[in-house]
Amino acid sequence: MLAARASTARNAQRIARSFATVVDSTGVKVAAVDYNQPTASVTVLVKAGSRFEPKEGVANALKNFAFKSTKTRSAIGTVRESELYGGVLYSTLGREHLALTAEFLRADAPYFVDVLTSFVTSAKFTRHEFEEYVAPLVASEAEAAAHDPATRAIDAAHQLAFRSGLGSSLFAPAHNDITVADIKSYASAAFTKGNIAVVGTGIDQATLASLVEKAFAKAAAGSAASTPASKYFGGETRLESHGGPQTVFIGFGTTGAPSAELAALSAHLSTTPSVKWSQGLSPIASLPKGTSVQPVYLPYSDATLFGLLVQGTTTAGVKEAGQAAVAALKAAAKGIKAEELKSAISKAKFAAASAVDTREGLVNALGSKAFSGSEISLESTLSSLDNLGVDAFSKAAASLLSAKPTYVAIGDSHALPYADELGL
Amino acid sequence: MFGPLGLSLAPYVRSSRTLSKWLTPVATWYANSMGYRKYGFKYDDLLCEENDTVQRALGRLTTQEGYDRAYRLKRASQASVLHAPLSKDQWTPVSEDVRYLEPHISEVMKEEAERQNWDNLVVERK
């Protein structure tokens with residue numbers, strides 16, 4: 001029993017401790033957590049998301065250029081050697097960050113850190129690799145995105161909501177004139193020490209810091225990339241699409257740091273039931289057959305896009321579901337019962353906490369704060385949700401609704417409802 | 001082993017000042033006497049292109065280089081039809097007779113060799 005109590009105490013201590021402290025290792029920010037997982041991962045986060053790109057689609061092309069030939073090893077060498085070690089390499093692009101990630105067995109850290117950092121410090125960006133491997137990937141990603149109404153709607157909503165900066169698309173235009181020189185100059189501007197954070201999971205902080213220090217010894221020093229602060233505009237657009245569900249996105253944006261109110265609002269409206277096969281308690285739980293409403297909550301460093309993605313097989317169904325969703329949103333702005341808010345807060349807290357359980361969620365949580373260099377903990381997120389009151393919640397929802405909405409309709413654009421028909 | 005992509009003493013000759021001084025006039029004379037320059041060709045236009053390696057290398061030329069190569073081949077076949085070399089102002093000057101394709105071919109060959117190496121690698125447990 002004593003032993004059990006001791007272990008509980010230890011666990012409590014571990015939870016109370018922040019995930020990781022960010023240390024500055026020769027100008028590069030390093031954060032790591034180690035829960036004794038069997039595998040480890042290292043992510044090099046670069047402030048090179050689509051918001052910083054000088055030309056449409058360059059960030060996407062740079063993402064697809066990851067792990068091609070460098071001064072240390074060729075593209076095939078990287079692939080085959082990583083296979084021999086049994087690791088996984090991938091790159092992901094967000095609007096703010098480009099993430100280069102390697103997942104591997106704990107002993108192989110030196111090799112995989114070298115693979116990641118050698119791309120950052122000495123990628124060759126050859127023209128033939130761009131034409132033979134990268135350009136087809138860029139084109140196929142753009143093609144796939146164009147065929148998915150949800151992705152397309154959220155991309156178009158960003159453009160309407162923020163125009164430049166956060167508004168730039170994650171994908172390249174279908175007919176682009178990206179050259180390898182564009183990618184090279186974007187990479188050389190982005191891959192500077194001040195612009196990079198390294199996040200590790202399942203690896204000791206000191207080990208990672210020493211590996212990073214060695215690898216970035218000769219990297220170019222430079223300050224972090226900056227763009228003009230985001231501004232919210234809003235607007236309406238209707239796009240034709242063939243196949244796929246009829247889609248409507250009703251969005252609202254705010255500027256400034258992400259707030260707990262919107263996370264709670266998203267949880268309040270979420271139609272995902274807590275118990276399988278049940279309807280859930282969401283105010284928009286009863287929808288016409290064949291339609292769905294999903295709240296979309298996308299926090300960025302200086303702005304947030306919140307919205308409801310309404311999808312359905314028929315335009316009439318989408319109209320009805322959209323009206324129900326807007327009515328629920330307006331009801332939330334007028335006032336919400338204390339117990340409803342309580343369950344919304346619990347749901348939001350669980351979502352925030354369980355996101356940290358997964359590797360991607362942890363890297364996102366660490367990455368968003370690694371650049372600011374602040375202490376990272378789950379506590380602050382949870383306590384800000386805990387302190388949320390009914391009044392603050394309704395006020396936030398009302399101020400959200402008072403701005404011009406971002407409205408995107410994709411599908412049969414002649415039959416889909418207009419924003420005013422949904423009661424916006 | 002022999003042929004345009006085989007073993008070559010040229011780098012060694014070029015590295016030695018005396019040797020290159022002696023041999024450059026001979027080389028120039030030999031290249032001119034081959035006659036390809038009179039048909040507007042560059043030396044790399046003569047490389048055998050009917051294999052995957054060279055085809056891959058040809059794909060790596062810039063658009064401009066590709067167009068120029070096609071033009072030279074067309075012009076030379078027309079001259080061949082006429083059974084006469086081009087007029088002297090269209091002959092390839094020595095300064096323009098550069099190896100524009102050979103670096104791409106050796107790059108492709110290096111990649112193929114590396115792929116072979118990885119394909120046949122024997123991994124040993126330490």
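Reader: Which residues have the most contacts inside the largest nonpolar core?

Author: A nonpolar core is a set of buried Ala, Val, Leu, Ile, Met, Phe, Trp, Tyr and Cys residues joined through C-beta atoms within 7 Å. A residue is buried if 20 or more other C-beta atoms lie within 10 Å of its own, exposed if 12 or fewer, and partly exposed in between, with C-beta atoms placed from the backbone. Here the largest such core has 63 residues, and those with the most contacts inside it are A61(A), L62(A), L116(A), I183(A), V198(A), L208(A) and V212(A). Helix α4 (residues 109-122) of chain A gives the most to this core, namely 7 residues. Because domain 1 (22-216) and domain 2 (235-422) of chain A both give residues to this core, it lies between them. Apart from it lies another core, of 55 residues, among them V248(A), A263(A), V326(A) and L329(A).

Author: This is a predicted model, in which local features need pLDDT of at least 70 and side-chain atom pairs count only at pLDDT 80 or more, while totals for chains, interfaces and linings use all residues. Residues are numbered from 1 along each chain as its sequence is written, and chains are lettered from A and ligands numbered from 1 in the order in which they are written.

Reader: With which residues is L208(A) in contact, leaving aside its neighbours within four places in sequence?

Author: Two residues are in contact if their C-beta atoms, placed from the backbone, lie within 7 Å. With those sequence neighbours left aside, L208(A) is in contact with V30(A), A32(A), V42(A), V198(A), G200(A) and I203(A).

Reader: How is the division into domains to be read, and how many residues of domain 1 of chain A are in contact with domain 2 of chain A?

Author: Domain bounds come from an automatic or database domain assignment. Chain A is divided into domain 1 (22-216) and domain 2 (235-422), and 28 Å separate their centres, taken over C-alpha atoms. In contact are 29 residues of domain 1 of chain A and 31 residues of domain 2 of chain A. On the side of domain 1 of chain A that touches domain 2 of chain A, the elements giving two or more residues are β2, β3, α6 and β6 of chain A. The largest share of that side, 11 residues, comes from α6(A).

Reader: What is the strand order in the open sheet of 6 strands?

Author: Helices (H or I, at least four residues) and strands (E, at least two) are DSSP runs, numbered from the N terminus. Two strands pair if DSSP finds at least two bridges between them. The order in this sheet is β1-β2-β6-β3-β5-β4 (chain A), with mixed pairing. The edge strands, each pairing on one side only, are β1 (23-25) and β4 (88-93) of chain A. From one strand to the next the twist averages 25°. Axes are lines fitted to C-alpha atoms, for helices over the stretch in contact, and angles run from 0 to 180 degrees between N-to-C directions. Between β1(A) and β2(A), which run antiparallel, there are 3 bridges; S25(A) has V28(A) in β2(A) as its bridge partner.

Reader: Where does helix α8 of chain A lie?

Author: Helix α8 (residues 205-215) of chain A lies across β1, β2, β3 and β6 of chain A and runs at about 150° to β2(A).

Reader: Which strands stand at the edges of the sheet of 5 strands?

Author: That open sheet has the order β7-β11-β8-β10-β9 (chain A), and its pairing is mixed. At the edges stand β7 (235-240) and β9 (291-299) of chain A, each with a single partner strand, so one side of each is left without a neighbour in the sheet. The twist averages 15° from one strand to the next. Strand β8 (residues 246-255) and strand β11 (residues 406-411) of chain A pair in the antiparallel sense over 5 bridges, and F249(A) stands opposite V408(A) in β11(A). β9(A) and β10(A) also pair in the antiparallel sense, over 9 bridges, and form a hairpin with 3 residues between them.

Reader: Is A257(A) buried or exposed?

Author: A257(A) counts as exposed because it has 11 C-beta neighbours inside 10 Å. A257(A) is found in the loop between β8 and α9 (260-269) of chain A.
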